[in-house]
Amino acid sequence: MKHLLILISILLIMSGCTPHVISSNPRQVTIGNAFSSVKSQKLADKTCQKHGRWAILRLDNIEDGNATYECVE
């Protein structure tokens, strides 16, 4: 039982570390927990493609763990 609780705790902590969309509009998207640039780029591309655009990382960020991508045509 103790091992099960430890496993569940670890899984809950790890699930909070995945990149996720904080905000988006047709011109830009902000990704939280963007420490994995490959995963956050894929998520930003997927979000921008809803508007027929592609995501380009803005170089003024990521220090706080959030990345802002511009959606360009």
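In this predicted model, a nonpolar patch on the surface is formed by Met1, Leu4 and Leu5, which together have about 360 Å² of accessible area. Leu5 belongs to helix α1, which covers residues 2-15.

The strands come next. An open sheet is built from four strands in the order β1-β2-β4-β3, and their pairing is antiparallel. At the edges stand β1 (20-24) and β3 (54-57), each of which pairs on one side only. From one strand to the next, the twist averages 35°. For β3 and strand β4 (residues 67-72), the antiparallel pairing runs over four bridges. Within this part of the sheet, Ala55 is placed opposite Cys71 of β4.

A disulfide is a covalent bond between the sulfur atoms of two cysteines. The model has one disulfide, formed by Cys48 and Cys71, with the sulfur atoms 2.0 Å apart; a pair is counted when these atoms lie within 2.5 Å. The link of Cys48 and Cys71 is left-handed, with -60° about the S-S bond. Because Cys48 lies in helix α2 (residues 37-48) and Cys71 in strand β4, the pair ties together parts that are 23 residues apart in sequence.

Are the two cysteines, Cys48 and Cys71, buried or exposed? Buried means under 20% relative accessible area. Cys48 has a relative accessible area of 0%, so Cys48 is buried. Cys71 has 5%, so Cys71 is buried.

How values were computed: Residues numbered from 1 in each chain as written. Predicted model: local features only at pLDDT ≥ 70, side-chain atom pairs only at ≥ 80, totals over all residues. Heavy atoms only, no water. Patch = residues over 30% accessible without salt bridge, like charges linked within 9 Å, V, L, I, M, F, W, Y side chains within 5 Å. Areas by Shrake-Rupley, 256 points an atom, 1.4 Å probe, with all protein chains shown as cover. Salt bridge = Lys/Arg side-chain N within 4 Å of Asp/Glu carboxyl O. Helix = DSSP H or I, 4+ residues; strand = E, 2+ residues; numbered from the N terminus. Pairing = 2+ DSSP bridges. Axes fitted to C-alpha atoms, helices over the stretch in contact; angles between N-to-C directions. Buried < 20%, exposed > 50% of the residue type's maximum accessible area, 1.4 Å probe, protein only.
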